[in-house]
Amino acid sequence: MFYPLAGKLIPWFAVAAAMLTIIGMYVGFFMAPTDAQQGEGYRIIFLHVPVSWMSMFIYLVMAFWAAIGLAFNNRLAAMMASALAPTGAMFTFLSLWTGALWGKPMWGTWWVWDARLTSELILLFLYIGFMALQSAVDEPRRADKAGAVLALVGVVNIPIIYFSVQWWNTLHQGASVSLTQAPSMAALMLIGMLLMALASWMYTVAIVLMRVRCIILEREQHAGWLDELKEVKQ
Amino acid sequence: MSDTIGLSVLRGVIHRDLRLAMRRKSDVLTPLFFFAIVVSLFPLGIGSERDTLRQIAPGILWVAALLASMLSLDRLFEQDYADGTLEQMALSPAPLGMLVLGKVVAYWLLTGLPLTLLAPLLALQFDLATPSLLVLAASLAIGTPVLSFIGAIGASLTLGLRGGSVLVALLVLPLYVPVLIFGAGSVDAAAVGLGATAHLSLLGAVLVLTAFFAPWATTVALRIALE
Amino acid sequence: MNWTSPAEFFAMGGYGQYVWGSFGVALVVLCAEWLLLRQRRQAALSQVKRQLILREEESR
């Protein structure tokens, strides 16, 4: 039942994502004023902040689905968790990439040991660990459950890691200008970022639904109902 | 009677594991030699002037201890998994959590404790002042059990997988970050004169948290692996 | 409207390489993810078809 429903939903979310990105970019590049200190370079914020939000948010959603998959022994929930991981890792990578590209003109170095960037880096390792574990286990059922346990252990650790990195960061050098508290948030900037965040949300839903369908195709081959699918008949 | 929550089972498992390990001493000594070698490599790589060494000493000692304690993690469950005792343990009336707790405590006694005792000795290479040595030992004493607990989760998740030992490192290292930060930080703070109490108490908090959650997570992971 | 000419738009006040570097990489990565996924879907579908044909032959 889920398979055809997901199939119908994907185009809608994809179109919504594309439209929101265009509007968000328009606001970000054409309506938002030039920043006093950072000139035009600050416009990376319209990508860096939404992407960083998404990387954290996807991990939470992944842990949520993992918990449901573990608690109710529900295969679909577990598949959702493993479908979310690659997109989450991709967003974390983008967050690090845009953070570095933003740090270079502003602070002159590609990598700033800022508390947020460092915890993004560790989040990336958590994602990679999750995917590595899931691919190492051959039997899908155990892969789902083992991944779920790791995701839950990870989600309990994220606040601790973030707090300890924050603590560590203030110990060494003064809290450098953290990336997300940009200079006074003009309303337009905020709208631009929210639009881009919504756009990345729509994109995530679309891409994750597509991946879940792939996982279903890969795993449910023994089940008979796959054969009646029209794609299979062609 | 005390046996309901399995205290005697706990002691039993600890004794068993200690006796088992003592039969093959090399298993116990390899992490220690690894720790000593890795620590002595750094001055060769970085140069021997005193003040840089003193500054980097806590970080190096902590990272080396962290890696050394991860080295023999597969010894925790792998053999019992292979010869089936793990299944018997899972089927036994005593709560599996207690058995896991016993195994982790035994593992800590065999790797964490020796590392904690050896570290101040090696810190002399880095010309660390004696008060810092004490703080280092204290931070390791609190920190290494946390490493064993989290390591147990990693080991139980990767039970019976090919390439498991590398995978454990990948899963477990990000979770070690807070312990590393508080541990190494405490020695730094003490050296700078800020006093290490804040760091050590935070490390203690992490220890209590992991001591509570880790056995539960490990048991769930073991049941998954044994299915 | 901030930009008078497209050239100025791309120069982005001297930060062009950084801004377009990050947006460009983002675009590339997103498209790569989508393409990889389509490939994976094709492979999964052909796998299911092959199994279907196999089963039909066995039942005949």
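Reply: Between chain A and chain B, the contact (heavy atoms within 4.5 Å) draws on 27 residues from chain A and 27 residues from chain B. Keep in mind that this is a predicted model, where local features need pLDDT of at least 70 and side-chain atom pairs pLDDT 80 or more, while totals for chains, interfaces and linings use all residues. Residues count from 1 along each chain as written, chains are lettered from A and ligands numbered from 1 in written order, and side-chain values use heavy atoms, leaving out hydrogens and water.

Chains A and B bury about 2400 Å² between them (accessible area, 1.4 Å probe, lost on being put together, summed over both), and 81% of that sits on carbon and sulfur atoms. Two salt bridges turn up across the interface of chain A and chain B, counting a Lys or Arg side-chain nitrogen within 4 Å of an Asp or Glu carboxyl oxygen. A:Lys145 forms a salt bridge with B:Glu227, with the closest N and O atoms 3.7 Å apart.

Now zoom in on a helix pair in this A-B contact. On the chain A side, helix 4 brings A:Ile122, A:Phe125, A:Leu126, A:Ile128, A:Gly129, A:Ala132, A:Leu133 and A:Ala136. Helix 8 of chain B answers with B:Leu167, B:Leu170, B:Leu171, B:Pro174, B:Leu175 and B:Val177. That set splits into 13 nonpolar, one polar and no charged residues.

Helix 4 of chain A also packs within its own chain. Its axis and that of helix 2 of chain A (residues 45-71) come within 11 Å and cross at roughly 40 degrees, so helix 2 and helix 4 of chain A are oblique to each other. (Under 35 degrees is roughly parallel, over 145 roughly antiparallel, 65 to 115 roughly perpendicular, the rest oblique.) The crossing of helix 2 and helix 4 of chain A is left-handed. From helix 2 of chain A, A:His48, A:Ser52, A:Ser55, A:Met56, A:Ile58, A:Tyr59 and A:Met62 meet A:Leu117, A:Glu120, A:Leu123, A:Leu126, A:Tyr127 and A:Phe130 of helix 4. The tally here is nine nonpolar, three polar and one charged.

What about chain C? Chains B and C don't touch, their nearest C-alpha atoms being 24 Å apart. Of the two pairs of chains that do touch, A and C have the most contacts. Their contact takes 30 residues from chain C and 42 residues from chain A. Chain C and chain A bury about 3400 Å², 71% of it from carbon and sulfur atoms. Their interface holds two salt bridges. A:Glu218 forms a salt bridge with C:Arg40, the closest N and O atoms being 2.8 Å apart.

How values were computed:
Helix = DSSP H or I, 4+ residues; strand = E, 2+ residues; numbered from the N terminus. Nonpolar A, V, L, I, M, F, W, Y, C, P; charged D, E, K, R; others polar. Buried area = accessible area lost by both parts, 1.4 Å probe. Axes fitted to C-alpha atoms, helices over the stretch in contact; angles between N-to-C directions. Left-handed = near helix turned anticlockwise from the far one by under 90°.
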